[in-house]
Structure formats: C-alpha cells, structure tokens
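Here is a report on salt bridges in one protein model. It looks at which residues pair up and where they sit.

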Amino acid sequence: MFLNSNGPARDVDQHIDRPASFLIQHTKSTVLVYADIVSAILAVLVSVTLSNAIRPLLGARPIAIESVEFTFHISIIFVFTVALFAWFTSKGHYRRREALINRLGQILGGCGMALICAAATQFATVEVGSRLLTLSYWLLLVPLIIIGRLIAGHILRSANIWTNNAVLFTAPNRADQVSKLIEKHDELGIVLTKKFFCSGNAATNLLNAMRAATSSGSVIIYAPAPEDQEQHEVLESLVAEGLPFMFSAQSSPLPNQAEVHSYPLEDISVLEVPDVLARPLALATKRLFDIAVSFTMLLVLSPVFIIISSLIKLDGGPAMFRQERLGRNGEVFKCLKFRSMIMNAEERLSQMIASDPKVAAEWNAYQKLQKDPRITRIGKIIRKANLDELPQLINILRGDMSLVGPRPMTIPQIEEYGPSIAAYKRMRPGITGIWQTNGRNSTTFAERARMDAWYVRNWSLWRDFIILVRTFREVLFARGG
C-alpha cells in the first residue's frame, strides 16, 4: 500500500497475512540453528564411518564407540563445534538475512580455525592414527552446513515464513531505488507491503506511523534523503524506544571495508575508508595465481586452440583478432580473441550505425548489439560456448590482464566510461569479472562502468574466488553473448 503524506493509503501490493515479525524472525533463526546442528550430527556419523573404514588400511584398529578414546574425540568435536556455532551467532548467521555465498568465507574460515584448534588439542593427548576422525569431521562439516542451510531456506520459503511484511519510510526520490534493492535480494527476507513518504511529514507523524507498523508485526525500513531535517529526531526516538528497524543511508560510493569508529558519549561516528589495493602480498598472490592458472590452461587447452583456429581460418581470414584495449595505469595493449566476426567488422558497424537509428541507439547504450549480423557461423558457436576469449590467457601470462578484473575497454569507449575511469586504470582488466556474472546481456554500458568501479573499490581475493565460481557456472550453462 502507498501511504501518501497528505492522505490515506492506496493499495500497490496485496497484503499477505503473516505471523508477527518477531515470531517469523525467531522461527527462521531456530530453523537455521537446527539445520547446522543436523549438519554437525551427520558429519559425526559419516566421519566415524569413514574413519573406521580407513584406519585398518593404515594399520590402526577401528575406534570402538564405547571406548574412552571415542568419548574423548566426541568431546573435542562437541566443544569446538559449540564454539564455532557461537561464533556464527556473533556474526549474525542466524539473525541477519544475507546471501549464503557471502557467508562462505566465514564458514570456511571458522571450520578451518576449529580444525587447527582441535588438532592442536589432540596432538598432545591422542595417538596419531586417531586424528583421522577429527580431520574428516571438519572437512565434511563445511559442505554439510552449506547444503543444510540451502534446504532450510527452501523449507522456510515453501512454508511461507521466510519473509516479513515491511513498511518503507522514504523520500520520493529514493523510493524506487530502495524498493528495487529489496525485490532483488530475496535473502533479506522481507516483502514490501507499504510505503510512507517522509517529505512534508513532521517527525511526530513518522514516529506514530512507525509505531503502528511495528505493532502490526511489520519491519520498519527507514531510508530518508540527506536533506530530510527530521531524520536525527526520528533515529534518536527509534533507538530510545527500542523499536527495531532497518536504516538505509544515502551516501557516496564507499568500499565495504570501510570501518565505523564511534566514541563514548558522542553522537558522531567516523568512517575510515582504506585503500583496498594497498596490500602488496594480496596483489602478489593474485598475480601468481594468474600466472599458474593461465599457464596450466594454455597447456591443457592447446588442442582446443588448434581446432578452433582451424575452423575459423576456413573463411580465409586469420584465427586471432587483435584489438587495442586500455590496461592498468592507462597503458594500451593488444587484446587477443578468437575472431568471431567477418573481416571488415568495424567498417560494417560504422555503416549500420549511420544508416539505422535503432542500431545506433542500441550501440550507444550497450556498446554491443543483441543480434549482430557481423558474427560468423563459427563465431556464434564459440561465443555461445564462451570460448572466443580463451586467447586472453596469453594476455594474462604476459601481464596485460588478469583472470578477474574490470571488463577490458576499447579506446573509443574511454570517453563513454565517465568518472569511473580512474578506478578502472588501477587494476589489470580481467578475462572475467563482475559484469560478466551479473546480467551482462541486459546491462547498459554506464551500468557496466559502475560495476567495474564497485569491483575495484571492494576488491579482495575472496571476491575474485566468488566471481570465478560464478563464471564457471555461466560457462557450464553456456550463457554466452
């Protein structure tokens, strides 16, 4: 429903009857906790079975369930598992709604640290052969937790208790932006049922509406505009009254690694914004990984290179297409691709743009054509299979590119890139990146530039790993373009 500042509410979405917000949140948290507990129990059962099957092969006797040794093992597993789940709780795993893929780093790191602690404990107390049980337990726990949480999420969605009703209190110029964010991220666990425009409303009216929303079991989402004068009073009252709410501040693009510093008895916080690229060891690791992977893939895929090159040359043209692209620090390099277009592709494009306004408009918006007549028959196949950019592995080995990075831009695109060009020049362009794994076929060039800038200011080795995993999914299901 819409609650206008000067009138009654108007329906925009059908209201869904749901239990109160607290009950839903408690139910979701409980189900997720039990999912992790079941995962731990399954990990114990499987690890015991595997351990007792493998130990005789290593010349050790199986561990009897009634033995003191087994009890000691289970005690260690229990203690560190409880500690792990307590750490998950402190990180909001069972309370905050966030995409599971964003939690993978903490799950892997937590289980890895627990394994180290458990191994250190057993090193001084138990004979060597018995540590197999603990090792297999912690290695199994990671995938079982992931599977368990996916199943739990599916059960909660099927039971219609994954989401809470929410009321959005916002400025008119922010309503669409925040609404789209909520609709896009199902993991937030909220469905927007009402909007209340803050503009023209006194803090008292806003607070009364927020109290009513909380009483009805809805989640409060407060997203004021920076110029809204009443937001300080509203925030202060919400905190003082203990009303739970979600707050969306409109700020400049800041990296996720920005740290909030608060000071006793002060109502002002300071954001410390680090330079995520000022990490020589992490950057060196990225480069070494690029070299190792590109060299290995070039060796393994050499027969594929030969086959594709031979097929492309059937039309009398070269197999490789070399185009100048902008690299790190503004340096220009020759970007390699398997040729997937006709020989005079650039001239043909110029003619099409000059003669067809629709083609010109599509090219100006996306810097690509959805149905490009310049693509050859072989080109369609290698593009569909995401094989046309394989020669860029050579660029990676040379140091021109990276496995993951901003999309390499052509020289004419520099003027269209806008202020994000400064961020682009700080990293090597990548054979894959955040644009390729986030709806590249429906993304405008301006949106692509924004994604590249976001990637650079939020770069991490873990994020690169996630992008590579998603790229593998894209290639596996041939979502080319």
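## Overview

This is a predicted model. The structure holds eight salt bridges. Among them are Asp464 with Lys286, Lys337 with Asp388, and Arg407 with Glu389.

## Helix to helix: Asp464 and Lys286

The side chains of Asp464 and Lys286 form a salt bridge, 2.6 Å from N to O. Asp464 belongs to helix α17 (residues 461-476). Lys286 belongs to helix α8 (residues 280-300).

Lys337 pairs with Asp388. Their closest N and O atoms are 3.6 Å apart, which counts as a salt bridge because the cut-off is within 4 Å. Lys337 sits in strand β10 (residues 332-338). Asp388 sits in the loop between α12 (377-384) and α13 (392-398). The pair therefore ties together parts that are 51 residues apart in sequence.

Lys337 has a relative accessible area of 11%, so it is buried. Asp388 has 8% and is buried too. Buried means under 20%.

## Loop to loop: Arg407 and Glu389

Glu389 also lies in the loop between α12 and α13. Its partner is Arg407, with the closest N and O atoms 2.7 Å apart. Arg407 lies in the loop between β11 (402-404) and β12 (409-410).

Arg407 counts as buried, at 13% relative accessibility. Glu389 counts as buried at 13%.

Technical notes:
Residues are numbered from 1 along each chain as its sequence is written. This is a predicted model: local features need pLDDT of at least 70, side-chain atom pairs count only at pLDDT 80 or more; totals for chains, interfaces and linings use all residues. Side-chain values use heavy atoms; hydrogens and water are left out. Helices (H or I, at least four residues) and strands (E, at least two) are DSSP runs, numbered from the N terminus. Buried means under 20% relative accessible area, exposed over 50%, partly exposed in between (1.4 Å probe, protein chains only).
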